[in-house]
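Please look over the sequence and the model first. The report comes after them.

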Amino acid sequence: MIDERVVLVDDSGRAIGTEAKATVHHVATPLHLAFSSYVVDADGRVLLTQRALDKVTWPGVWTNSCCGHPLPGEPVEQAVRRRLADELGIVVDAVDLVLPEFRYRAEMPTGIVENELCPVYRAWWTGDPTPNPAEVADYRWATWAEVHDQPGLSPWCVLQLDELPAEPVDWPIADPARLPAAAQI
(Lines give C-alpha, C1' and ligand atoms only; values in the text may rest on other atoms or scores of the structure.)
Protein backbone atom coordinates (compact mmCIF):
# COMPACT_ATOMS: atom_id res chain seq x y z
CA MET A 1 0.00 0.00 0.00
CA ILE A 2 1.38 3.42 -0.95
CA ASP A 3 1.52 6.38 1.41
CA GLU A 4 -0.80 8.62 -0.61
CA ARG A 5 0.13 12.27 -0.16
CA VAL A 6 -1.73 15.47 -1.02
CA VAL A 7 -0.21 18.72 -2.22
CA LEU A 8 -0.46 21.56 0.30
CA VAL A 9 -0.89 25.03 -1.23
CA ASP A 10 -0.76 28.62 -0.08
CA ASP A 11 -3.56 31.14 -0.70
CA SER A 12 -2.05 31.95 -4.10
CA GLY A 13 -2.23 28.31 -5.21
CA ARG A 14 1.49 27.58 -5.04
CA ALA A 15 2.67 24.23 -3.69
CA ILE A 16 4.24 24.54 -0.24
CA GLY A 17 4.66 20.88 0.72
CA THR A 18 2.82 17.60 1.08
CA GLU A 19 0.99 15.73 3.80
CA ALA A 20 -0.31 12.20 4.10
CA LYS A 21 -3.89 11.98 2.82
CA ALA A 22 -4.74 9.86 5.86
CA THR A 23 -3.94 12.75 8.20
CA VAL A 24 -4.80 15.88 6.21
CA HIS A 25 -8.57 16.10 6.98
CA HIS A 26 -9.23 17.23 10.56
CA VAL A 27 -10.50 20.28 12.45
CA ALA A 28 -7.61 22.44 11.14
CA THR A 29 -7.29 21.00 7.62
CA PRO A 30 -4.63 22.90 5.65
CA LEU A 31 -5.48 24.25 2.21
CA HIS A 32 -4.60 21.57 -0.33
CA LEU A 33 -5.04 20.66 -3.99
CA ALA A 34 -7.98 18.48 -5.00
CA PHE A 35 -10.38 18.10 -7.93
CA SER A 36 -14.04 17.40 -8.63
CA SER A 37 -15.40 15.75 -11.75
CA TYR A 38 -18.76 15.29 -13.39
CA VAL A 39 -19.17 12.33 -15.72
CA VAL A 40 -21.59 13.17 -18.54
CA ASP A 41 -23.06 10.59 -20.90
CA ALA A 42 -24.13 10.82 -24.55
CA ASP A 43 -27.63 11.91 -23.46
CA GLY A 44 -26.25 14.79 -21.36
CA ARG A 45 -27.03 13.09 -18.04
CA VAL A 46 -24.68 13.38 -15.07
CA LEU A 47 -23.46 10.48 -12.97
CA LEU A 48 -24.22 11.22 -9.30
CA THR A 49 -22.58 9.12 -6.61
CA GLN A 50 -23.32 8.47 -2.99
CA ARG A 51 -20.15 8.46 -0.91
CA ALA A 52 -19.36 5.22 0.90
CA LEU A 53 -20.81 5.04 4.40
CA ASP A 54 -17.41 4.64 6.07
CA LYS A 55 -15.67 7.61 4.39
CA VAL A 56 -14.06 10.07 6.81
CA THR A 57 -15.61 13.11 5.11
CA TRP A 58 -19.29 13.31 4.26
CA PRO A 59 -20.11 9.58 4.46
CA GLY A 60 -23.32 8.59 2.67
CA VAL A 61 -23.76 12.03 1.06
CA TRP A 62 -24.73 12.32 -2.61
CA THR A 63 -22.32 14.32 -4.73
CA ASN A 64 -20.80 14.79 -8.17
CA SER A 65 -19.32 11.78 -9.95
CA CYS A 66 -15.87 11.67 -8.37
CA CYS A 67 -13.52 13.74 -6.26
CA GLY A 68 -9.93 13.22 -5.28
CA HIS A 69 -6.44 14.58 -4.86
CA PRO A 70 -3.63 14.63 -7.40
CA LEU A 71 -0.48 12.99 -6.15
CA PRO A 72 2.62 15.20 -5.90
CA GLY A 73 3.89 15.71 -9.47
CA GLU A 74 0.76 14.22 -11.05
CA PRO A 75 -1.14 16.34 -13.61
CA VAL A 76 -4.69 16.95 -12.37
CA GLU A 77 -6.30 15.56 -15.54
CA GLN A 78 -4.33 12.35 -15.02
CA ALA A 79 -5.55 12.25 -11.39
CA VAL A 80 -9.15 12.63 -12.59
CA ARG A 81 -8.71 9.66 -14.93
CA ARG A 82 -6.97 7.60 -12.21
CA ARG A 83 -9.68 8.21 -9.60
CA LEU A 84 -12.54 7.57 -12.05
CA ALA A 85 -10.97 4.18 -12.79
CA ASP A 86 -10.31 3.45 -9.08
CA GLU A 87 -13.69 4.62 -7.75
CA LEU A 88 -16.05 3.80 -10.60
CA GLY A 89 -14.18 1.30 -12.79
CA ILE A 90 -14.48 3.50 -15.86
CA VAL A 91 -12.05 4.77 -18.46
CA VAL A 92 -13.41 8.06 -19.77
CA ASP A 93 -13.37 9.20 -23.37
CA ALA A 94 -12.39 12.81 -22.72
CA VAL A 95 -11.76 15.18 -19.80
CA ASP A 96 -12.41 18.95 -19.99
CA LEU A 97 -11.44 21.61 -17.46
CA VAL A 98 -14.53 23.72 -16.61
CA LEU A 99 -13.83 25.57 -13.32
CA PRO A 100 -10.07 26.04 -12.91
CA GLU A 101 -10.19 28.29 -9.84
CA PHE A 102 -12.90 26.69 -7.70
CA ARG A 103 -12.10 26.78 -3.98
CA TYR A 104 -14.17 25.89 -0.97
CA ARG A 105 -14.08 25.27 2.75
CA ALA A 106 -16.76 23.21 4.48
CA GLU A 107 -17.08 21.91 8.02
CA MET A 108 -18.87 18.71 8.99
CA PRO A 109 -20.99 18.56 12.16
CA THR A 110 -18.16 16.45 13.65
CA GLY A 111 -15.73 19.36 13.18
CA ILE A 112 -13.77 17.79 10.32
CA VAL A 113 -12.98 20.41 7.70
CA GLU A 114 -12.56 20.23 3.93
CA ASN A 115 -10.31 23.08 2.73
CA GLU A 116 -9.52 22.63 -0.94
CA LEU A 117 -8.37 24.40 -4.04
CA CYS A 118 -10.42 22.17 -6.30
CA PRO A 119 -10.50 22.56 -10.10
CA VAL A 120 -13.63 21.05 -11.65
CA TYR A 121 -13.66 18.79 -14.71
CA ARG A 122 -16.26 17.29 -17.04
CA ALA A 123 -15.56 13.77 -18.27
CA TRP A 124 -17.41 12.09 -21.12
CA TRP A 125 -18.44 8.46 -20.75
CA THR A 126 -21.50 6.29 -21.39
CA GLY A 127 -22.32 3.01 -19.66
CA ASP A 128 -22.80 1.59 -16.20
CA PRO A 129 -19.94 2.00 -13.75
CA THR A 130 -18.57 -0.70 -11.48
CA PRO A 131 -18.22 1.23 -8.21
CA ASN A 132 -15.57 0.40 -5.63
CA PRO A 133 -17.67 -0.15 -2.46
CA ALA A 134 -14.94 1.42 -0.31
CA GLU A 135 -15.55 4.67 -2.22
CA VAL A 136 -19.13 4.61 -3.56
CA ALA A 137 -22.28 3.30 -1.85
CA ASP A 138 -24.62 3.95 -4.79
CA TYR A 139 -24.92 5.86 -8.07
CA ARG A 140 -27.52 7.11 -10.49
CA TRP A 141 -27.66 8.92 -13.82
CA ALA A 142 -29.59 12.22 -13.57
CA THR A 143 -30.59 15.10 -15.80
CA TRP A 144 -29.09 18.45 -14.84
CA ALA A 145 -32.50 19.54 -13.51
CA GLU A 146 -32.60 16.39 -11.34
CA VAL A 147 -29.12 17.16 -10.02
CA HIS A 148 -30.33 20.60 -8.95
CA ASP A 149 -33.33 18.98 -7.22
CA GLN A 150 -31.26 16.30 -5.41
CA PRO A 151 -31.62 16.88 -1.67
CA GLY A 152 -28.64 16.79 0.65
CA LEU A 153 -25.84 17.21 -1.89
CA SER A 154 -22.27 17.65 -0.67
CA PRO A 155 -21.34 21.25 0.16
CA TRP A 156 -18.80 21.46 -2.69
CA CYS A 157 -21.34 20.16 -5.19
CA VAL A 158 -23.93 22.75 -4.10
CA LEU A 159 -21.36 25.54 -4.55
CA GLN A 160 -20.31 24.19 -7.96
CA LEU A 161 -23.93 24.14 -9.15
CA ASP A 162 -24.01 27.90 -8.61
CA GLU A 163 -21.02 28.36 -10.94
CA LEU A 164 -21.97 25.99 -13.76
CA PRO A 165 -24.36 26.87 -16.60
CA ALA A 166 -27.64 25.01 -16.97
CA GLU A 167 -26.60 22.05 -19.13
CA PRO A 168 -23.32 20.09 -18.86
CA VAL A 169 -22.96 19.69 -22.64
CA ASP A 170 -22.77 23.50 -22.91
CA TRP A 171 -20.15 24.10 -20.22
CA PRO A 172 -17.32 26.08 -21.79
CA ILE A 173 -13.85 24.58 -21.63
CA ALA A 174 -11.65 26.76 -19.43
CA ASP A 175 -8.13 27.95 -20.15
CA PRO A 176 -5.67 25.70 -18.26
CA ALA A 177 -3.49 28.79 -17.65
CA ARG A 178 -6.12 29.77 -15.04
CA LEU A 179 -5.33 26.69 -12.94
CA PRO A 180 -3.50 27.36 -9.67
CA ALA A 181 0.28 27.14 -10.04
CA ALA A 182 0.40 23.85 -8.10
CA ALA A 183 -1.91 22.29 -10.71
CA GLN A 184 0.02 23.50 -13.75
CA ILE A 185 2.23 20.43 -14.18
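Predicted model: local features only at pLDDT ≥ 70, side-chain atom pairs only at ≥ 80, totals over all residues.

Residues are numbered from 1 along each chain as its sequence is written, and side-chain values use heavy atoms, without hydrogens and water.

**Annotated domain and sites**

An unreviewed UniProt entry lists residues 30–165 as "domain: Nudix hydrolase". UniProt positions are given in the numbering used here, with shortened feature names, and annotations may be inferred rather than shown by experiment. The span is 21% helix and 35% strand, and its end C-alpha atoms lie 30 Å apart. Helices (H or I, at least four residues) and strands (E, at least two) are DSSP runs, numbered from the N terminus.

For "active site", the unreviewed UniProt entry lists Cys67 and Glu116. They are spread over 50 residues of sequence, yet cluster in space, with a largest C-alpha distance of 11.1 Å. The lining of the largest pocket includes Cys67 and Glu116. A pocket is an open set of points on a 1 Å grid over the protein atoms alone, where a 1.4 Å probe fits, with protein on both sides within 12 Å along at least five of seven lines; lining residues have an atom within 4 Å of a point.

| Residue | Strand | Relative accessible area |
|---|---|---|
| Cys67 | E7 (residues 66–68) | 17% |
| Glu116 | E10 (residues 113–117) | 5% |

Why do Cys67 and Glu116 count as buried? Cys67 is buried because its relative accessible area is 17%, and Glu116 because its value is 5%. Buried means under 20% relative accessible area, exposed over 50%, and partly exposed in between (1.4 Å probe, protein chains only).

Contact means heavy atoms within 4.5 Å. Leaving aside neighbours within four places in sequence, Cys67 is in contact with Phe35, Ser36, Arg83, Glu87 and Trp156. The side chains of Glu116 and His32 are joined by a polar contact of 3.0 Å. Such a contact is a pair of N or O atoms within 3.5 Å, one able to donate a hydrogen and the other to accept it.

**Strand E5**

In E5 (residues 46–51), six of six residues are buried. Val46, Leu48 and Gln50 point one way; Leu47, Thr49 and Arg51 point the other. Side chains alternate between the two sheet faces in a regular strand.

Two strands pair if DSSP finds at least two bridges between them. E5 runs antiparallel to E12 (residues 136–142), with six bridges. Val46 has Ala142 of E12 as its bridge partner. E5 also pairs with E6 (residues 62–63), antiparallel, over two bridges. There, Gln50 is partnered by Trp62.
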